[in-house]
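Visitor: I have this one open on my screen and would like to walk through it with you. Could we take it piece by piece?

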Amino acid sequence: MREYLQEISALTMRWVRRLSREKFSMLFTLVQPMLFWLIFFGNLFQRAADTQVVQAPTYISFLAAGVVVMTVLNNGLAGGVDLLFDKENGFLERLMSTPIHRTSVILSRFLFVMTITSLQVLVILGVAFLFGVRPATGFLGVAVILLIGLLFGVGLTAISMALAFSVKSHGDFFSVLGFLSLPMIFLSSALVPLSAMPAWMSLLARFNPMTWAIDAVRPLILSGWAAALGPVAMVVVIMVAFDALCLYGSAKAFRRAMG
Amino acid sequence: MGRAVAIDVSKLGKVYDGVTAVQDLSFQVYAGEIFGLLGPNGAGKSTTLRVLITLLRPTTGQATVLGHDVVREAEAVRRLIGYVPQERAIDRFLTGREHLLLLGDLYHLPKDESCRRIAELLKLVDLEGKADLPAKTYSGGMKRKLDIACGLLPNPKILFLDEPTLGLDVQSRLRIWEYIRRLRERGITVVMTTNYLDEADQLCDRLAIIDEGRIKALGSPSELKTALGGDTLSLTVGEADMGRVELLASALKGLPAIRAISTRPTGLEIRVESPEKALPAVLEAAGRLACRLEFIEYHRPRLDDVFVAHTGHAIRSEFPEAEE
């Protein structure tokens with residue numbers, strides 16, 4: 001057990017170290033786009049979006065939940081990238097040739113991605129706060145939002161790692177990623193409520209786990225516990241199933257890749 | 001020979017997605033030697049190495065490392081070996097020292113022990129001055145040295161190196177060879193893959209020539225060369241005297257230092273045991289028969305010849321692309 005902790009903390013610290021040396025690219029690739037969505041898109045559509053339709057005092061308060069979950073989506077789907085590079089340059093082999101538990105590398109990645117995602121969610125909620133978005137459920141509500149983010153993020157990171165272990169080249173990885181992420185966003189309730197979508201889109205969006213996550217985060221921000229409890233309970237059930245499926249798939253991919 | 005066996009591979013085979021990478025490999029590596037797996041790219045060297053370091057499960061056959069089965073006792077094997085993967089198995093954002101510290105934790109070394117070994121290894125590979133710079137500032141040769149230090153950190157009984165000098169410039173290659181020889185002096189068994197003939201020839205105590213997933217020849221470089229039938233003497237005979245070539249051949253046949261004679265369109269090719277004994281006899285016979293020799297070429301077999309003789313083709317990737 002002591003050995004396991006030693007491995008995991010060393011491997012997790014490696015990701016932290018890398019991040020601290022890549023501050024610049026980190027800032028621009030991960031934090032900025034999401035903030036831009038919130039700040040520019042949120043304010044830009046303030047007058048174009050009908051508050052009757054979005055059922056929120058301002059568009060930005062409606063959008064906040066979407067941007068929070070989009071952050072989880074992007075971080076999760078990109079969560080396997082570093083393992084992909086490790087696989088391609090042989091670093092992963094070096095790690096796996098040491099007497100570490102077979103799950104340590106993956107676990108360290110989960111820990112790292114989940115921590116970073118949580119911090120970013122807090123930043124986004126903080127910026128939203130500056131634009132007048134006060135979460136209706138207070139600090140406890142924020143904690144539940146983080147929990148939903150974690151639940152969704154675990155499955156997404158697992159998909160990303162499975163992909164990283166399965167693809168032949170990183171070109172494939174990024175094309176699959178690009179192919180996944182935008183439709184996931186547009187076919188969800190991130191930008192527009194389901195009720196305002198064309199029927200076929202809202203139908204597809206209902207099969208998107210992201211929609212369920214957003215529809216639970218949104219009342220936590222906009223309405224209060226009475227409206228939020230139902231969707232939160234629902235999303236927990238859905239995410240547990242989603243995570244189980246993703247973890248099963250990634251465990252298989254990992255075992256295949258590791259011979 | 002009564003030497004201790006460090007690695008025992010028996011009828012090993014590996015099939016990936018229906019493609020056979022290696023089949024029916026059997027060989028032993030003795031404790032304390034430098035053992036080479038020589039072959040062109042795609043011959044199955046790296047696959048063999050990955051099975052031995054427990055990263056791949058063999059499809060058939062088995063292998064033991066220091067008595068431990070690489071599948072059933074993988075964990076025990078991992079504790080005894082060090083591994084140096086192919087070039088660039090390095091995190092560009094970490095410093096050299098951070099690489100070693102990370103590995104120290106993965107081998108579960110106590111902090112002070114880890115630091116002590118790191119200081120010693122950095123000295124061994126001459127990286128002390130650059131240990132705290134990020135690896136992205138390192139040259140190809142320096143990355144390789146760091147790789148080797150990483151492989152040595154666990155104090156392994158056996159060090160596995162995958163193409164240790166691939167893509168290095170000449171000086172760096174020579175330095176890496178020197179480190180590897182130093183390891184042997186310390187009693188470490190070294191197993192390495194290479195597709196450079198000169199590397200296999202100069203560095204390895206024994207080697208296995210692998211081509212198309214099979215072992216084609218096994219032995220020390222000099223044994224392999226001797227097994228080809230000794231040194232070669234090529235005689236180019238003047239065109240006017242070509243008629244007398246057969247006479248010359250029969251005169252030489254049976255002489256003590258001469259092993260085999262074959263006729264070539266331009267003269268004779270003679271396999272000799274030692275040139276000192278054979279050459280006077282050849283000259284004497286040629287003089288006696290008034291067979292004028294235009295050119296005499298003496299050729300000691302190189303590993304290239306061994307390779308061609310056993311695989312039927314020259315080793316493919318020849319010239320290293322230096323990368324700095």
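Visitor: Which strand is Arg271(B) found in?
Guide: Arg271(B) sits in strand β13 of chain B, which covers residues 267–272; please keep in mind throughout that this is a predicted model.

Visitor: How is chain B divided into domains?
Guide: The domain assignment gives domain 1 as 5–220 and domain 2 as 229–300, and the centres of these two domains of chain B, taken over C-alpha atoms, are separated by 46 Å.

Visitor: What about helix α1 of chain B, how many of its residues are buried?
Guide: Eight of the eight residues of α1(B), residues 45–52, are buried, so this helix is largely enclosed by the rest of the structure. The buried set includes Lys45(B) and Arg50(B), together with Ser46(B), Thr47(B) and Thr48(B). After α1(B) comes Thr54(B), whose phi is positive, near 70°.

Visitor: Switching to chain A, how many helices and strands are there?
Guide: Chain A has 12 helices and zero strands. Its C-alpha atoms fill a box of roughly 60 × 35 × 30 Å along the principal axes, and its radius of gyration is 19 Å, which agrees with the value near 18 Å that a compact globule of 259 residues would have.

Visitor: What share of chain A is buried?
Guide: Buried residues make up 45% of the 259 residues in chain A. Among the contacts in chain A with a separation of 6 or more, 79% come from residues 24 or more positions apart.

Visitor: Where does Gly178(A) lie?
Guide: Gly178(A) lies in helix α9 of chain A, residues 170–186, and is exposed, because there are 10 other C-beta atoms within 10 Å, where 12 or fewer is the limit for that class. Gly178(A) and Gly249(A) are 71 residues apart in sequence, and their C-alpha atoms are 20 Å apart in space.

Visitor: Which residues touch the most other members of the largest nonpolar core?
Guide: Of the 146 residues in that core, Val68(A), Val69(A), Val217(A), Ala149(B) and Phe160(B) touch the most other members, while helix α8 of chain A, residues 138–166, gives the most to the core, with 15 residues. Not counting residues up to four places away in sequence, Val69(A) touches Phe152(A), Ala190(A), Met210(A), Ala213(A), Ile214(A) and Val217(A). A second, separate core has 12 residues, among them Leu235(B), Leu252(B), Leu268(B) and Ala278(B).

Visitor: Last topic, the contact between the chains: how many residues does each give?
Guide: The contact takes 21 residues from chain A and 25 residues from chain B. On the side of chain A that touches chain B, the elements giving two or more residues are α1 (2–21) and α6 (91–96), and the largest share, eight residues, comes from α1(A). By class, that side of chain A has six nonpolar, six polar and nine charged residues.

Terms used: Residues are numbered from 1 along each chain as its sequence is written. Chains are lettered from A and ligands numbered from 1 in the order in which they are written. This is a predicted model: local features need pLDDT of at least 70, side-chain atom pairs count only at pLDDT 80 or more; totals for chains, interfaces and linings use all residues. Domain bounds come from an automatic or database domain assignment. Two residues are in contact if their C-beta atoms, placed from the backbone, lie within 7 Å. Helices (H or I, at least four residues) and strands (E, at least two) are DSSP runs, numbered from the N terminus. Ala, Val, Leu, Ile, Met, Phe, Trp, Tyr, Cys and Pro count as nonpolar, Asp, Glu, Lys and Arg as charged, and the others, Gly among them, as polar. The radius of gyration is taken over C-alpha atoms; the globule rule is 2.2 Å times the number of residues to the power 0.38. A residue is buried if 20 or more other C-beta atoms lie within 10 Å of its own, exposed if 12 or fewer, and partly exposed in between; C-beta atoms are placed from the backbone. A nonpolar core is a set of buried Ala, Val, Leu, Ile, Met, Phe, Trp, Tyr and Cys residues joined through C-beta atoms within 7 Å.
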